[in-house]
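Trainee: I am new to this structure. Can you show me how to read its features, one at a time?

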Amino acid sequence: MTEPRTPSSPTASRETSGGPAAAPANSAEHPWPVRSVSMKVAQWIDRLGSIWVEGQITQMNLRPGTRTAFLVLRDPSADMSLSVTCDPDLIRNSPIPLQEGSRVVVYGKLSFFTGRGTISLRVAEIRPVGIGELLARIERLKALLAAEGLFDPRLKRPIPFLPGTIGLITGRASAAERDVLSVARNRWPAVRFEIRNTAVQGPTAVAQMLTALAELDRHPAVEVIVLARGGGSVEDLLPFSDEALCRAIVAATTPIVSAIGHEPDNPLSDLVADLRAATPTDAAKRIVPDAAAELACIRELRERTAAALRGWVDRETRALAQLRSRPVLADPLREIDRRQEEVERLRAAAHRSAEQLIRTESTATRHLREKLTAVGPAATLARGYAVVQRVTGREREVVRSIEDAPAGSQLRIRVADGAVTAAALGAQALGAKHTDTGRN
């Protein structure tokens, strides 16, 4: 469809249904009539051809005696719907009775009614989606989500021990809501709830639950969200296996508990949630601690702590008593006295050893002194020998030969008790009778 141009548009619009002749430019001076716009819309929609569409029947108007049945087909995952018309025999002759809430696949062609300006899908074939097909689709979606890792336990967020505020998404005035509230408040009276009542089955359930989930996930006080519903048929629980809802649960930042149906029921929301509860009552028990049980546990822990402390004190008291009863502590000075006697004994032994060592070393020293004296020059001098030295100025030289003391040399003769000064008168060699060298 060619859209009308604004007055400032420099281009002109051409008619597509009137042949090659050019249409006048669309402007404020040359506006299109409603019939032209409606005809163009009808022509463009007619070009789409026939299509297959899947949805859920939300309204059905089948009046006796009429040749047209009117339906409303809604998308289960979005707040969108489409008007459908068909032959009443398609509904009457369906192999599975059709009613509001039934999932169907239809084949038809879109039509634009120029008189009312509305679009409708004229259906030529309706195929109900049976339970087997629904379960097969759920299994395919389950395999897809599993392949993407959305069931990985590592993605599960921990549930807080005592959440201050709990978000609850459930049906209005439902048994699931009563069970969760009554059980939670009986277990912990101070618990608070943020409740969002939505449809939990039917064509609008997914859209409402997505809105409520997003609102509670943004709520700053909500620490955990419970998605609760009582039991039901496979068709009733289909919204909780919807792909959009499953992905929203995974994308949420708040931990989510799925409490759908009874124990055998297992929609896909149970697999992607952070915690699966068998029933709404089980969900309340698993996220809200029992105040009485916690107090009893605290009392038990206190008693066990006190008993452990008393036992430790008793053990330490007995250990101290045993230590005090030992001889070393009964008479502490006895060991000191015993050690003192031993020290005195060792000291006396050391004194005796020292004296003996001194006596031995003194005797050895005396013997060495006697030996040294015997071989020393003093002893030799005492036996009558003398040491003769020639004095030359301040120097003294020992006379070892007669040649070292010529006549007239000044001599110093050392004897045992002193020294004698003399002068050499002459020399006499050993073996000669007499040699007088002292005369001229």
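**Reading the model**

Mentor: Buried means under 20% relative accessible area, exposed over 50%, and partly exposed in between (1.4 Å probe, protein chains only). This is a predicted model, where local features need pLDDT of at least 70, side-chain atom pairs count only at pLDDT 80 or more, and totals for chains, interfaces and linings use all residues. Residues are numbered from 1 along each chain as its sequence is written, and side-chain values use heavy atoms, with hydrogens and water left out.

Trainee: Is Cys 86 buried or exposed?

Mentor: Cys 86 counts as buried, because its relative accessibility is 0%.

Trainee: How many disulfides does the structure hold?

Mentor: A disulfide is a pair of cysteine sulfur atoms within 2.5 Å. The structure holds zero.

Trainee: How do I read strands that pair?

Mentor: Strands of a sheet pair through backbone hydrogen bonds, either parallel or antiparallel. Two strands pair if DSSP finds at least two bridges between them. Helices (H or I, at least four residues) and strands (E, at least two) are DSSP runs, numbered from the N terminus. Here, five strands close into a barrel in the order S1-S2-S3-S5-S4, with mixed pairing. On average, neighbouring strands of this sheet are turned by 55 degrees against each other, direction ignored. Axes are lines fitted to C-alpha atoms, for helices over the stretch in contact, and angles run from 0 to 180 degrees between N-to-C directions.

Trainee: Which way do S4 and S5 run?

Mentor: S4 and S5 run antiparallel, joined by 10 bridges. Val 105 has Arg 127 in S5 as its bridge partner. The two strands form a hairpin with four residues between them. In the turn, Gly 117 has a positive phi of about 70 degrees.

Trainee: What about S3 and S5?

Mentor: S3 (residues 81-86) and S5 (residues 118-128) run parallel, with two bridges joining them. Thr 85 pairs with Arg 122 in S5.

Trainee: How do I read a core?

Mentor: A nonpolar core is a set of buried Ala, Val, Leu, Ile, Met, Phe, Trp, Tyr and Cys residues joined through side-chain atoms within 4.5 Å. The largest one here has 26 residues. Ile 169, Leu 227, Phe 240 and Ile 249 touch the most other members.

Trainee: Which helix gives the most to this core?

Mentor: H5 does, with five residues.

Trainee: What lies apart from this core?

Mentor: Another core, of 20 residues, lies apart from it; Ile 166, Val 191, Ala 228 and Ala 284 are among its members.
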